[in-house]
Every structure is written in structure tokens, then in C-alpha cells.
Amino acid sequence: MHQIETTSIRTVTSVVIGAGHAGLAMSRCLCDRSIDHVVLERGEIAHTWRTERWDSLRLLTPNWQSRLPGFSYNGDDPDGYRSVAEVIEFIASYAKAISAPVLTHTTVTSVRSTETGYLVRTDQGDWLCRTVVVASGACNVAVVPGFASKVPRSIKQLTAQDYRNPEQLADGGVLVVGASSSGVQIAHEIHRSGRPVILSVGEHIRAPRVYRGKDLEWWMDAAGVLDERYDEVDDIARARRVASLQLAGTPDRSTLDINALSEIGVTVVGRLGSIGENGKAQFSGSLRNMCALSDLKMGRLLDRIDEWAQRNGFDARANPPHRLPPTRVEPAPPLGMDLASGEIKAIIWATGYRPDYSWLGVPVLDRKGRLRHDGGVVSSPGMYLMGTQFMRRRKSALIDGAGDDARELSDHLASYLRQNSA
Amino acid sequence: MADAGSIANNGVNVAALIAAREALTDTPAAAQFKWRAACEWKDGTHSHSTVEGFYGLGQEQHHRRTFTFDADHPEVFASEDKGATPVEYVLVGLASCLTAGIAAVAQHRNIQLRSVTATLEGDMDLQGILGIDDDVRNGFGGIKVTYKIDADAKREDIEALVAQSQKRSAVYDIVTNPTNVTVVVD
């Protein structure tokens, strides 16, 4: 790592903001194209993994699938799922292997346009550059509904970002809000700690961990599902908003879905619709349809995989096709609960994340605060994005998605530099 | 699905709906609508409601004519049964909203519908509205909607139509989620 002593303005062709897998993959591709650059990192490499993940989390993609430009897994457990420590080690090893020019503990405080490019200000001095790559992550801020302010004070509230382990929680009931990847894993772990769990389920996407004897990610990778491009799907704005697959890196490769959770005794209720002034929570009556939508969506994915397997001669090499039993929903799931009754001691908000662009002083955000970009090419010339949901491909937010995106965007960036050379 | 090349016709102008969606994405103010109804008490439990104007696309709008609705209670409640009960209007609202949605989604997915019929049933324990038991709610304990759909599509695709229609239905949302209701006296 480089130590910077001067506070005068330095000049570099490209500034990459963020030294996670996406920023590092871009750094490697910029190196390959001989484009001088720095990677600015607010903390240590893989900062988010070091500071904003719960203890037992495992990467939801198998080890073999973490392929970065010039780097891949060569251990003896290709089908396993990395622990948080192993993900940090993997990303740090990558930074070392590619000799990435990372400046750690350098927080970007603002980015503004100049006549020739951008001025990037940090708490460790300023940079003038011609291009900027925003690789600061898609999950900087946990999104919590406004009515969280109505939760009685006696209840401890944590987001999936603050949650570490069940030891943080008092004995007693826990309401987990959200049933995507984070929510189901946290609900499972807290239930196993002996605390009664109520899981509030809105839109989610059910997925079997293993299908026909192979990891679902293997099928999605092989059948080209993960390579689907942003300009090939019907409604990219919607595709980018879709919740993450309900997958978990379970050491025994078991599927963690609503059925698995209700079987062990987790109470499943509908989407949390509101909390009143009196501390009364209301759950939506839409649970049955949320589960039906999810089952149907999963069925379409498995149909697509089966068709691909048949066309490509995999039927003989994989187990026969099968379908999961429909998600079971109680005849009359509870529609409300009194949060002031003392039954619930903690609420975990696993209600999604959003990026933080509050430091970005360039007018590239839409009215919802989303960055306007075309496959990672931001609407402000010379600015690029990396590592967000379905940015260029379905896999763009995965570690495995950074390589293809970085190769293409660094090509675009290089040709931008050529066309706009002084 | 309709055969490759053939285009389903369910009488829904999806192109116009998609154009409206695009236009309203760019002008969120025009997407702000207000729906209205007026109601006048007649006699007993009989009331007469009208629907005529609404607000949207930045200005006052009107239906082609005034629609009227008589509501009453049935004879078993010692009323004169001059119209459907209010709770039956809720069922009508839910059914017609979901059914319109099915037609629109089918058109968008190029699925030709031949017939769509729904029957609805809402369970209600009258001990709630009669104040006999405070633990019983006034409204429906549950609503069951049963569709029979004949269409050029696989069963999964028809189920997906019905699921998507629920996901995008205003009345389904109104009955499954809480809404702030303010009633004032002028």
C-alpha cells in the first residue's frame, strides 16, 4: 500500500473509487491497457466484508465461481462457499497478485466535473483525473421503511448490516423483516439460537441450492442465464430492482427457503405493511400470492435449465429433472401483532440496501437517487460504474461478474481517452 | 401462447398502456390521480351512490356518463334489499380489478383469452359488526377468489397471469394492506 504525504493536488488518468472485487478487477484491466490510475479505498481492501457482514455469513456463490481477471480459485473445495474471512483473504490476495495501486484509509469526500475531467477530493488530498470509475458498492446503506420510527423503544432494532450474531439479542421473540438471501439466513440462525422467530415475507425469489445434483449457480452459469445482457432483457429498470435469489452458502448445500424455515418452526407472515402509533404491526394479506409468484418464477428458471440441459446433452450426466413442492402457506397467517406486548424483543430489518452517492457532486442521479448509466457507462462522459445489480449482465453484482464488465468498460474508457486526447 | 407471428387480441390497448407508463415515468406529477364517489342516504339502510368525475393527468376528468350504485341490506336483516350490500361491492371491486388485470397482462404476454370467469366468496362472522364479540373483526375473515380461465396457454402461464394481476392490482392492495382513512364531518 502507498502512503501519501503531500496534500497538493495530484494528477492521474483514472481514479477508481473502492477496492472491493469490482474496483480491483477494473484496476487490473486498466493495467492491461497501460492506463495509469489509483484505487481509493475508505478503509482496508474488501472494507464492506470486514465491517458490514454478519459472522456466520458465507458467500452465496461456490468457490469455483469467483473468477477475476487473472485470478481464480485453486483450492481443493471448489463447490464450497467462502466464509467472510475467506472472502476478505481472497480479495486481499487478488489486490496483491495484481499489484493494484490502492490507497487505503482514503475516503472520497466529493467528485466534481472539471473542464478536462474530474476533481476527486479525499480526506488524504485531492486528485485531478480524466476518468472516474465508481466501484463503491451497491449495498452501502440499509433501507428501512419509514414506520420503523413507530417501533416501541423497548425493542432493539438492527439492520442486516449491523447484525452480527444472536448474542447481540436479548432472549425472546425476534421479528425478521424480509425474506431474500439475508433475511432467510438471519431468521434461520436466530431460530437455531432458541429465540422464536417471525419472518415477514414480501417479494422474494425462491431458488434450490442444488438442482439435479449440481449447484444452481453452475446451471445458471452453464446455461448462459448469468450472461444475459442488460440490453437484451424486456425491462432493465425492473430487472435491476429484483430482489436477490433466496440462496445461502449452506455448508451442507441445503436449500434455505420458506418451507425449510416453517418446517423448523419459524412463523411466516406477510409483508410488514405498517406500524401504528400504538405499536400495532400489520402484515399484508398477500403472502399467498408472494409465494405463488416466487414458485412460478422458480419454475420458469428450472424449465429453462431443463431445456438447456436437454439441448446440450446434459440429461445423461445430471440427475433427472424434478420440481420442489409449492411453498406452504398456513390457511390464515397472522395479519397483525402488538409490538408493545413484550413478546418481540428485537426486529432485524433485512429490507434491502442502496448505494450511497451523497459524495457525488456530478448531476448523474435520477429523481430516485439512482445513477443514470447505460451498461455502466455513466451519463457524464468519462465516468463509469462497476459492481451493481444487472449493470451489464445478470451476474454484474457477483464477484464472477466483475471480469467481463471491467474488460468491456475499460475498453470503452480507453477509447474515450483516445478520442478526447489533448 | 399464441402461435409465433400471431397476435393475441383481448381488446386491451397495451400499446397505449405502455406509452402511458413511459410518459408517466417522465412526468410523475401527471401520475397523481384522485378517485371519487358520492353517496346519499335514501331510507333505512338504502343509499344511492354516484361516480362521475375524477382527477388525473393534471386535470379534472369525467366518465362518459354518471354511474350509479344502490346499496342496501338483504331482507334477512329486515331491510328492503334495494341493492347489493356494501361488502358485496368490495367483492365486485376486487373481482373486476383482478379480471381487468388478467386481460391486460395476457395481452402484454400475447396470450389469447377465450373466457375468464371468477367467483368470489368472503367469510364474515356477524358477531363482529353486531358487537357481540370484540375479538371478531368487522370485515371479512378471508376472501376466496376462484378463476376459471380458457386461454391459449399452459397452466403455469395462466397461473402466472393471475399472480401478476394480483401483484399489480389496486383493489387487491387495498384489501390486503392497511390504508389511512380519514372521515370528517363538514
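Helices, taken as runs of at least four residues in the DSSP assignment, and strands, taken as runs of at least two, are numbered from the N terminus, and in these terms Gly70(A) is found in the loop between helix H2 (47-51) and helix H3 (84-97) of chain A. The model described here is a predicted one. A residue counts as partly exposed when its number of C-beta neighbours falls between the limits of 12 or fewer for exposed and 20 or more for buried, and Gly70(A), with 14 such neighbours inside 10 Å, is therefore partly exposed. Leaving aside neighbours within four places in sequence, Gly70(A) is in contact with Arg28(A) and Ile98(A). Gly70(A) and Arg28(A) are 42 residues apart in sequence, while their C-alpha atoms are 8.1 Å apart in space.

Chain A as a whole contains 9 helices and 23 strands. The C-alpha atoms of chain A fill a box of roughly 70 × 60 × 40 Å when this is taken along the principal axes. A compact globule of 422 residues would have a radius of gyration near 22 Å, and the value of 23 Å found for chain A agrees with this expectation. Of the 422 residues in chain A, 44% are buried. Among contacts in chain A between residues at least 6 apart in sequence, 69% join residues that are at least 24 apart.

Chain A is divided into domain 1 (10-140 + 355-419) and domain 2 (142-349), and the centres of these two domains, taken over C-alpha atoms, are separated by 28 Å. Contact between the domains involves 20 residues of domain 1 of chain A and 23 residues of domain 2 of chain A. On the side of domain 1 that touches domain 2, the residues comprise 7 nonpolar, 5 polar and 8 charged.

The largest nonpolar core has 128 residues, of which Met26(A), Val132(A), Val176(A), Leu199(A), Ile348(A) and Met386(A) touch the most other members. Helix H8 of chain A gives the most to this core, with 10 residues. Because domain 1 and domain 2 of chain A both give residues to this core, it lies between them.

Chain B has 4 helices and 5 strands, which follow the pattern α-β-β-β-α-β-β-α-α when read along the sequence. The C-alpha atoms of chain B fill a box of roughly 60 × 40 × 30 Å along the principal axes, and 16% of the 186 residues of chain B count as buried. Among contacts in chain B between residues at least 6 apart in sequence, 52% join residues at least 24 apart.

Helix H2 of chain B has 23 residues and reaches 33 Å from its first C-alpha to its last, which is close to the 33 Å expected at 1.5 Å a residue. The buried residues of H2(B) include Leu91(B), Leu94(B), Leu98(B), Ile102(B) and Val105(B). An α-helix has 3.6 residues a turn, so residues three or four places apart point the same way. The buried residues of H2(B) pack against helix H1 (14-26), strand S4 (113-123), S5, H3 and H4 of chain B. Just after H2(B), Asn110(B) takes a positive phi of about 60°.

Helix H3 (residues 155-167) of chain B, with 13 residues, should span 18 Å at 1.5 Å a residue, and the distance of 18 Å between its end C-alpha atoms agrees. Among the buried residues of H3(B) are Ile158(B), Leu161(B), Val162(B) and Gln166(B). The cover over the buried residues of H3(B) includes H8 of chain A, together with helix H2 (86-108), strand S5 (142-151) and helix H4 (170-176) of chain B.

Between the two chains, 12 residues of chain A are in contact with 11 residues of chain B. Strand S16 (272-275) and helix H8 (287-311) of chain A each supply at least two residues of the side of chain A that touches chain B, and the largest share of that side, 5 residues, comes from H8(A). By class, the side of chain A that touches chain B has 4 nonpolar, 8 polar and no charged residues.

Note on methods
Residues are numbered from 1 along each chain as its sequence is written. Chains are lettered from A and ligands numbered from 1 in the order in which they are written. This is a predicted model: local features need pLDDT of at least 70, side-chain atom pairs count only at pLDDT 80 or more; totals for chains, interfaces and linings use all residues. Two residues are in contact if their C-beta atoms, placed from the backbone, lie within 7 Å. Ala, Val, Leu, Ile, Met, Phe, Trp, Tyr, Cys and Pro count as nonpolar, Asp, Glu, Lys and Arg as charged, and the others, Gly among them, as polar. The radius of gyration is taken over C-alpha atoms; the globule rule is 2.2 Å times the number of residues to the power 0.38. The expected span of a helix is 1.5 Å times one less than its number of residues. A nonpolar core is a set of buried Ala, Val, Leu, Ile, Met, Phe, Trp, Tyr and Cys residues joined through C-beta atoms within 7 Å. Domain bounds come from an automatic or database domain assignment.
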